[in-house]
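Trainee: I would like to go through the packing and the aromatic contacts in this model. Can we take them one by one?

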Amino acid sequence: MRNLTVKRGGSVAACAVAMRVYIEDPEGTDITVNGIPCRNLGELKNNSEDTYSISENEAKLYVIPEKEGSVYKSEYYQIPAGSEDVRVSGKNVLENEYGNPNPFRFDGVTNATIERSKDRSRFKNILIVAIAVIVGLAIGLARTLLPLFNETSPKTFKVDNMEITLTKAFKKYDHKDYTANYNSNDSSVFVIKDSFADYPDVRNYTAEGYAELCADFFVAEKISQNVEKKTAEGLIYLSFDAEGEDTNTYHYYEFFFKTDDAFWIIEFSVDTDKAESSLPKIIEWAKTVKFS
């Protein structure tokens, strides 16, 4: 046996999604990639690495978001036979090639080594957002964001150097895909921090430019076709509809802020039929965002 270390570099693309690491195994039953049976070695979050024990046999290595079924048209890294430890690195990129949105690209692997099967692609349209926004939320998280005008009093929440004032109806919850998540019985707010240390390639964007980057990505990836960039009282935000995991369609308002070390996105969700009536209160909440 020998050790295989896989490093996933920091990238805006698919930054909120844990990529799964698979290796070719004739007896593998976890997934079939490009017609090759594979077993799962583990998962890699953005800007992280892990080490796995593998055999000395030659094998193909895949880093993909899928967890079951058969996957086609995915890049692989050819691990040579031998007893020496192997170290592999790469990162996700903002592409949509061969039906694979935001694919993982291995460092040093050329397009000539990518399998380009002409068979049908069976990739799930995983909602992977460049700015770490996941539209497919668990049932109960992306619910109506209706203000409880006379039933609650203000409450300020703080994460890192950001604070936002909502109401006492909201409670803080841990969510692996967000910097912070605040939920009431029928409301959700999601906070995303894109640090320049993790994503140096976006440092020179303005908040407005970053919002435009997101909007273009949502349309290109068919996450939403009605994305609009808007401004209100000095705030920059996106407004769009998207389908959640429960197959219902929700409306999203995403507000963009830039600090010295990061972009911050404050995302609000609301049922589509309540989107217009909820916006004034959402804007008031967004105006309370402060950085220390």
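Trainee: Which strands do the buried residues of α2 pack against?
Mentor: This is a predicted model. Helix α2 spans residues 275-286, and its buried residues include Leu279, Ile282 and Trp285. They cover an arc of only 150 degrees around the axis, so they sit on the same side of α2. The strands they pack against are β14, β18, β19, β20 and β21.

Trainee: Is the pair of Tyr178 and Phe190 stacked, edge-to-face or tilted?
Mentor: The ring centres of Tyr178 and Phe190 are 4.7 Å apart, and the planes meet at 40 degrees. Stacked needs under 30 degrees and edge-to-face over 60. The angle falls between these cut-offs, so the pair is tilted.

Trainee: How many residues apart are Tyr178 and Phe190?
Mentor: Tyr178 is in the loop between β15 and β16. Phe190 belongs to strand β17. The pair links distant parts of the chain, and the separation is 12 residues.

Trainee: Is Phe190 buried or exposed?
Mentor: Buried means under 20% relative accessible area. Phe190 has 0% relative accessibility, so it counts as buried.

Trainee: Which strand holds the partner of Tyr210?
Mentor: Tyr210 forms a stacked aromatic pair with Phe263, 4.0 Å centre to centre and with 25 degrees between the planes. Tyr210 lies in helix α1, 53 residues from Phe263. Both Tyr210 and Phe263 are buried. The strand holding Phe263 is β21.

Trainee: Which residue lies over the face of Tyr76?
Mentor: Look for a charge over the ring. At 5.0 Å from the ring centre of Tyr76 lies Lys60.

Definitions and conventions:
Residues numbered from 1 in each chain as written. Predicted model: local features only at pLDDT ≥ 70, side-chain atom pairs only at ≥ 80, totals over all residues. Heavy atoms only, no water. Buried < 20%, exposed > 50% of the residue type's maximum accessible area, 1.4 Å probe, protein only. Helix = DSSP H or I, 4+ residues; strand = E, 2+ residues; numbered from the N terminus. Arc of directions from axis to C-beta. Contact = heavy atoms within 4.5 Å. Phe/Tyr/Trp six-rings, centres within 6.5 Å; stacked < 30°, edge-to-face > 60°. Lys NZ or Arg CZ within 6 Å of the ring centre and 35° of its normal.
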